[in-house]
Amino acid sequence: MRTAPVATETSHPLTKDGGPPPGVPGPGGPARRLADVLRYDLPASLVVFLVAVPLSLGIAAASGAPIMAGLIAAAVGGIVAGSLGGSPLQVSGPAAGLTVIVAGLVDQFGWPATCAITAAAGVLQAVLGLARFGRVALAIAPVVVHAMLAGIGITIVLQQFHVLVGAGSASSAIGNIAAIPASLAAIEIAAAALGITVIGTLLLWKRLPEPVRRVPGPLVAVIAATALSLPFGVDRITFNGSLTDSLGLPQLPAGNWNAAVIGAVTIALIASVESLLSAVAVDKMHHGPRTNFNRELLGQGAANVTSGLLGGMPVTGVIVRSATNLEAGARTRSSAVLHGVWVLVFSLLLAGLIQLIPESVLAGLLIIVGARLVRPADISTARRTGDLLVYVVTLSIVVFANLLVGVLTGLLLAIVLVLWRIARATVTAAPDPGTGGGWRVVIDGSCSFLSLPRLSAVLATVPARTSVTLELDVDYLDHPVHDALDAWQTRHVATGGTVTVEEHGTASLEDAHAAPPCRGDARSALRGGFAPWRSWQQQTTSSPAAESPDVPSLQPVMAGVENYHRRTADLLRPHVGELATYQDPSTLFLTCADSRLVPNLITSSGPGDLFTVRNVGNVVGRPGTDAATDAALEFAVAKLAVESLVVCGHSGCGAMTALLDGGDSGDSGQGPIDVWLEQSRASLAAFHNGHPVKGAAAAAGFSPVDQLAMVNVAVQLERLQGHPSVAGALQAGTVQLTGLFYDIPTARVLQVTANGIGHLHPLPEPAGAPEPVAAGAGNA
């Protein structure tokens, strides 16, 4: 048997340059790991640092926070979240997604109190992580998150447009829209030109050759525009003191505690969701260790507590910096940590350079950042999946009202939409052409009391005194629906009509009446397919006048064909279309004619897979004595070139019962069955002589009849080995033999070999399952 290579603690696939894959530390001791950090993580951290500095400055400016607060958050996000978080390659820092929230808190409470709210949000994130809410947060509908980010992006663009043209921005989106004419009338040409230079540089950057694009575009755009601005008198970034001067303890809000609590909860939720979704996206970009979501919440919480206590902005995982980290070749969390160190060093030693940057330059950078939050791909996905309404409503409320209200409204609307989709059933009623004047009512989906208005309206369209087939293809059915159908059925029969109930779904009327409703198991959806006719046919309530005629003997067959045409034929047609002119089965399946054994069901096969031969007792007759089996074997091996031959017996076999009952007398009788059973006399002799399969079956608890059935499979395999149509193919290695045994009481399949039996993927038996001993003889 071919085995897979065993992975050890230090084994892992290598990249094309010989290094470990992203997220996987290099093998060997500390010296080797240090070499990997210097080779991969150090260069990547420098690239991320160059991207993070201008973005952090721009986000701080857009939020109304002190400029140095953005750099504090970037350093803390890299060092604290990078060290403690559960996503090894995610980079954290101030994010545009919280700009609107932070700006509102700064206006309402001032910066020191906003820092306290940030620290409180971090505590809440840590509590969520300890409570193992990491994966629960991912249950938020992605369309709501996408719309929230798009709304924030539009708000940033509207706000920063005024800064770009040298004017002041308003506090609301409506105010910013209304002020556009006035800002354009008083435009500062130099400031606008610098901002447009940044925008143009960033838009063209992706079109440049790859060696050029290795340098971060935002850094080049900010440096170039700043250099061009030196001769002009434009408004520049200003702050008092150095990084150490910007550090300070937060202050508690002076009143309005409800708003403060709401602000902390909002920051915690949005920062958590954005960080977790970013971590999911990062996981899709590499093949290393997956994110520990609860640890990621703890790391993000610790970073926000630290940032808030030091006077920094809120921190989240940021997909732009994380993607840059991966693209730059990072292998471990050391890259994120080092990027935070470089931000800290820059802030301490080169903070004076920051005051040379014009405000319009950062405005141009933020306009690009905000515009990129509105992703056409997200809009296309929302339209394709039917979630466009959720997207538009969430975005509109975020832009024109309130971010938290917009997110909550979007979540509520998404939940309502899901309930509408899964808690409603399709109900139709139409004349049934196959019944000569009858009607068919079809209920498909999840049928609850929410469907009663539609159900009552459709049932009211069914004419009185007609023969009605009620087809239930539902996975959920509650008691109110049962009562409504029962009452309608009683009224319809009382008027002289008939009602036939066909249940094809996984939820039944009986269950809805007898127990609390629950969604049916999809794996039990065999009704009307492989389920016996009696489980879904002839459930008829009729008027006395309609009870006298006998049901025609062909009714079950014809009803089954009708059901196949109505439910299965269209689904099967694409699979059998190519088989219209030829067949190419891989297996000859020789089994008993017993009606309880369905070869395609127990082998999960379909049309074209099995070349099936069936006879009483799954017997391979001696060559020359059974022309039907001889012809099938020769055709399958020589013409169809099957690759395997399977002999399958079953429990409770009537042929084996008859053979065992009459085996001791030696009287074969004169009837066709007795003559045929002579072909199995060798199996009976092997059984009495202590065949190994008999002992194995007895040890497993099977009855003597089933022991003989398994021995019979082994003997038929021996016959196939010497059959003229098979022997040559066996010697050439083009055909393989195997034996199977279907245990009807447990619906399990066992393998039969020359020396015993074996379980195929054994599973725990369900509670109350019968013992694997057949109850008695069946038919055939």
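Mentor: Contact, in what follows, means heavy atoms within 4.5 Å, and helices (H or I, at least four residues) and strands (E, at least two) are DSSP runs numbered from the N terminus. This is a predicted model, in which local features need pLDDT of at least 70 and side-chain atom pairs count only at pLDDT 80 or more, while totals for chains, interfaces and linings use all residues. Residues are numbered from 1 along each chain as its sequence is written, and side-chain values use heavy atoms, with hydrogens and water left out.

Eleven of its 15 residues are buried, so H17 is largely enclosed by the rest of the structure, where buried means under 20% relative accessible area, exposed over 50%, and partly exposed in between, with a 1.4 Å probe and protein chains only. Among these buried residues are Ser360, Gly364, Ile367, Ile368, Gly370 and Leu373, and their cover includes helix H1 (30-63), helix H5 (142-164), helix H8 (189-205) and helix H10 (217-229).

As for the charged pairs, a search of the whole structure finds seven salt bridges, each a side-chain nitrogen of Lys or Arg within 4 Å of a carboxyl oxygen of Asp or Glu. In one of them Arg375 pairs with Asp378, the closest N and O atoms being 3.5 Å apart; Arg375 is partly exposed at 42% relative accessible area, whereas Asp378, at 9%, is buried.

In another, Glu471 and Arg440 meet with an N to O distance of 2.8 Å, and because Glu471 lies in strand S5 (residues 467-477) and Arg440 in strand S4 (residues 439-447), this pair ties together parts that are 31 residues apart in sequence. Both partners are buried, Glu471 at 4% relative accessibility and Arg440 at 8%.

A further bridge links Asp594 to Arg596, with the closest N and O atoms 2.9 Å apart; Asp594 is buried, with a relative accessible area of 2%, while Arg596 is partly exposed at 35%.
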